[in-house]
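Hello,

Here is the structure I said I would pass on. Please open it first, then read my notes below.

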Amino acid sequence: MTSTRSPRTPVVAHRDRATLHQLAERLPQAVIITAERGLDGTGTAEYLAKLTPSEVLRLQPLEAKTTITTEQVRTMIAMLRTHATVRRVIIINPADQMSEAAQNALLKSLEEPNANTHFLLVTENEQQLLATIRSRCQVLTLHRTSQAQDETLLDSTSLTASEHRQILFLAAGRPLLIRQLARTPKLLAEYQAIAADAKCILTAPGSYEALRTLPPYFTNRTKALQLIDILLTMVAFQIKTQPSPAHQPLLDRIITAETRLRHNGNVRLALINIVV
């Protein structure tokens, strides 16, 4: 479908605005937009796709599926062989959910692109993409927003002072997550509960109390990653305010657990290795 309305400007860090403007002025043939969870990678892709009248094609996992299949990529490639009267932009999101075979199927289109055709690959981690894919794309890495930007996002909310502080701490620099927590009391309550578990783990790692917090996360990878995200935030704060030699080994264990979870490793083992 050809876009006719001006796209919403994404919420990005001030330091990323100049790069975003340059890409908007002259969109490369292929761009990887790397945005950790809570950053506006999707909004950035939509913005770049719609600034100029374009036919925008979107590739994402089918309902109830976790991967983008080879068949989906081949169907998209077949569509690109048809005549287009305007620029075509293909948004693949999340691009790291393409199977290896799907990525290889995409590779030929990146190597021999059609005229006036552009690919935007949105991912939380570009290293999940094949090196051959990465080598043919320009990379836009979105950074976290500043505290001043975060404060502005909460200016018009009716949060309590305590909720305000908690959101700025738990979601620091991640505007989409800040908005979600501010607008969804149930989600904020979930994050507050996870933060309590994280505090218990950091207060007495290896203790029975720390181990007892983990079982509810064993069967929920998303929730486990939320716990790890909050642990990383808390440890980074401790390193900044109360540096200790004990922090680095703990930080290393948490990062290792996160890497394993994002590579579909065993959730139970990954979490237990943090506290023992």
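A residue is called buried under 20% relative accessible area, exposed over 50%, and partly exposed in between. N116 has a relative accessible area of 45%, so N116 is partly exposed. N116 sits in the loop between helix 4 and strand 4, and its phi is positive, near 60°, although the residue is not glycine. Please keep in mind that this is a predicted model.

A64 also has a positive phi, about 70°, without being a glycine. A64 belongs to the loop between strand 2 (54-59) and helix 3 (70-80). Its relative accessibility is 80%, so A64 counts as exposed.

P94 is in the loop between strand 3 (87-92) and helix 4 (100-111).

Next, the largest pocket. It holds about 1,400 Å³ of space. Its lining has 41 residues, and D96, Q97, E124, L225 and R262 lie nearest the centre. Helix 11 gives the largest share of the lining, 7 residues. By class, the lining has 12 nonpolar, 18 polar and 11 charged residues.

Last, a pair of helices. How do helix 12 and helix 13 run relative to each other? Their axes come within 8 Å and cross at roughly 175°. An angle over 145 degrees counts as roughly antiparallel, so helix 12 and helix 13 are roughly antiparallel. Residues in the contact include L250 and I254 of helix 12, and V267 and I274 of helix 13. The contact has 7 nonpolar, 1 polar and 2 charged residues.

Regards

Technical notes: Residues are numbered from 1 along each chain as its sequence is written. This is a predicted model: local features need pLDDT of at least 70, side-chain atom pairs count only at pLDDT 80 or more; totals for chains, interfaces and linings use all residues. Side-chain values use heavy atoms; hydrogens and water are left out. On a 1 Å grid over the protein atoms alone, a cavity is a set of points where a 1.4 Å probe fits but cannot get out, and a pocket is an open set with protein on both sides within 12 Å along at least five of seven lines; lining residues have an atom within 4 Å of a point. Grid points are joined across faces, edges and corners, and a volume is the space filled by probe spheres set on the points. Helices (H or I, at least four residues) and strands (E, at least two) are DSSP runs, numbered from the N terminus. Ala, Val, Leu, Ile, Met, Phe, Trp, Tyr, Cys and Pro count as nonpolar, Asp, Glu, Lys and Arg as charged, and the others, Gly among them, as polar. Axes are lines fitted to C-alpha atoms, for helices over the stretch in contact, and angles run from 0 to 180 degrees between N-to-C directions. Angles under 35 degrees count as roughly parallel, over 145 as roughly antiparallel, 65 to 115 as roughly perpendicular and the rest as oblique. Contact means heavy atoms within 4.5 Å. Buried means under 20% relative accessible area, exposed over 50%, partly exposed in between (1.4 Å probe, protein chains only).
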